[in-house]
Protein chains: 2
Amino acid sequence: MEPFSPRMARLVRALQALPGVGSKTASRIALHLVHKDRSGGEALADALHDAVANTTVCKKCRNISDVEVCGLCANEKRDAKQLCVVETPADVVAIERSGGYSGRYFVLHGHLSPIDGVGPSELGVEVMSARVKTEGISEVIVATSTTAEGEATAIYISDMFEESDVVVSRIAHGVPVGGELEYVDMSTISHALRGRKPIDSG
Amino acid sequence: MEPFSPRMARLVRALQALPGVGSKTASRIALHLVHKDRSGGEALADALHDAVANTTVCKKCRNISDVEVCGLCANEKRDAKQLCVVETPADVVAIERSGGYSGRYFVLHGHLSPIDGVGPSELGVEVMSARVKTEGISEVIVATSTTAEGEATAIYISDMFEESDVVVSRIAHGVPVGGELEYVDMSTISHALRGRKPIDSG
């Protein structure tokens with residue numbers, strides 16, 4: 001028999017929209033939010049409603065933003081000469097967390113995938129290329145994923161700027177820092193071998 | 001640098017109220033709900049707000065309910081002679097899922113714990129005992145956990161009904177069904193040995 005009240009059952013169903021959450025985890029979360037941490041549940045409902053209703057896409061970089069031009073694009077301390085092109089807003093988060101980049105971003109919201117009807121215009125590459133010209137960007141760093149589609153997207157972007165002075169680079173792929181060769185997959189190792197560099201002994 | 005807009009950052013913080021969710025998982029969930037599954041996010045915000053604002057505690061069994069008397073208490077098909085006493089609403093869910101019980105419930109919302117100031121009145125045991133008398137319940141099944149506090153609570157409840165005709169039973173503890181002895185902890189095995197029963201070869 002259904003062990004939940006109708007309202008709780010509706011919450012359990014809605015929680016299953018979360019990535020990786022099945023019915024058991026959803027039950028546990030629902031009981032936690034409604035029973036053990038009601039104020040946390042209320043705060044989460046408000047924050048989620050506000051974020052879904054009031055966030056938009058930055059008109060410059062297409063990242064998720066509260067306002068027309070996002071904080072990263074508006075920040076004058078960021079290097080305006082570099083543009084890092086990524087597939088998703090989550091990639092921006094990962095790169096910002098690394099602390100290894102201080103330029104601007106452009107979010108494609110996907111990769112080239114003709115079979116799914118995703119072509120260059122869906123990814124907004126014209127918007128990006130216009131931005132590169134008008135803002136005088138000198139380097140485009142392509143950080144799309146290493147899947148076949150991500151690589152095809154990288155090559156497409158690189159071709160776009162072939163006739164211009166803009167440098168198009170690709171982030172390095174290889175053995176993860178701290179990774180032991182024994183546990184690294186074959187294609188990463190062969191990538192790392194092909195991408196080897198002379199040791200700079202300073 | 002903070003990679004999220006203020007609204008997204010607020011959502012990420014609020015998501016950390018979920019059990020077992022740290023900042024990385026919270027970021028992933030936030031991006032999913034706001035970006036990939038906006039309608040799912042909206043539905044979740046509504047369901048959560050509704051559940052937190054409009055659920056209460058059933059006045060008969062103290063389980064979470066939408067109305068004064070919950071569906072389980074109001075269901076006349078359930079056995080009115082049996083009352084299963086549990087610590088949390090989650091325990092009701094677990095027992096209902098098992099399909100092995102068709103009586104009524106009483107939720108203590110905790111266990112006896114003098115050090116935390118939790119005595120019999122906090123657990124509503126008088127409410128339960130009054131219910132046993134007025135409803136003519138013949139068996140109280142104590143399904144509190146097997147921790148020291150859960151056992152103490154079980155003994156307290158058993159003592160309450162010593163002078164009456166009410167049978168107080170404790171759910172069986174032993175080797176989980178499908179469990180191999182090799183992987184079962186010592187105290188469960190010793191519990192299972194003490195609780196052994198003659199084989200009924202029928």
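**Terms and their grounds**

Visitor: Why is A:T153 called buried?
Guide: In this predicted model, A:T153 has a relative accessibility of 1%. Buried means under 20%, so A:T153 counts as buried. The residue A:T153 lies in helix α7 (residues 148–160) of chain A.

Visitor: What does A:T153 touch, not counting residues up to four places away in sequence?
Guide: A:T153 touches A:L108, A:H111, A:L112, A:L123 and A:T144; contact here requires heavy atoms within 4.5 Å.

Visitor: What makes strand β3 (residues 79–86) of chain A and β4(A) a pair?
Guide: A pair requires at least two bridges. Five bridges join β3(A) to β4(A), so the two strands pair, and they run parallel. In one of these bridges, A:V86 has A:V107 as its partner. Together with helix α5 (residues 89–98), β3(A) and β4(A) form a right-handed β-α-β unit.

Visitor: Why is strand β4 (residues 103–107) of chain A described as mostly covered?
Guide: Five of the five residues of β4(A) are buried.

Visitor: How do you know that B:D66 and A:R7 meet in a salt bridge?
Guide: The N to O distance between the side chains of B:D66 and A:R7 is 3.9 Å. The cut-off is within 4 Å, so the pair qualifies as a salt bridge. Across the interface of chain A and chain B, the rule finds six salt bridges.

Visitor: Which element gives the largest share of the side of chain A that touches chain B?
Guide: That share comes from α3(A), with 15 residues.

Methods: Residues numbered from 1 in each chain as written. Chains lettered and ligands numbered in written order. Predicted model: local features only at pLDDT ≥ 70, side-chain atom pairs only at ≥ 80, totals over all residues. Heavy atoms only, no water. Helix = DSSP H or I, 4+ residues; strand = E, 2+ residues; numbered from the N terminus. Buried < 20%, exposed > 50% of the residue type's maximum accessible area, 1.4 Å probe, protein only. Right-handed = clockwise from strand over helix to strand, strands pointing away.
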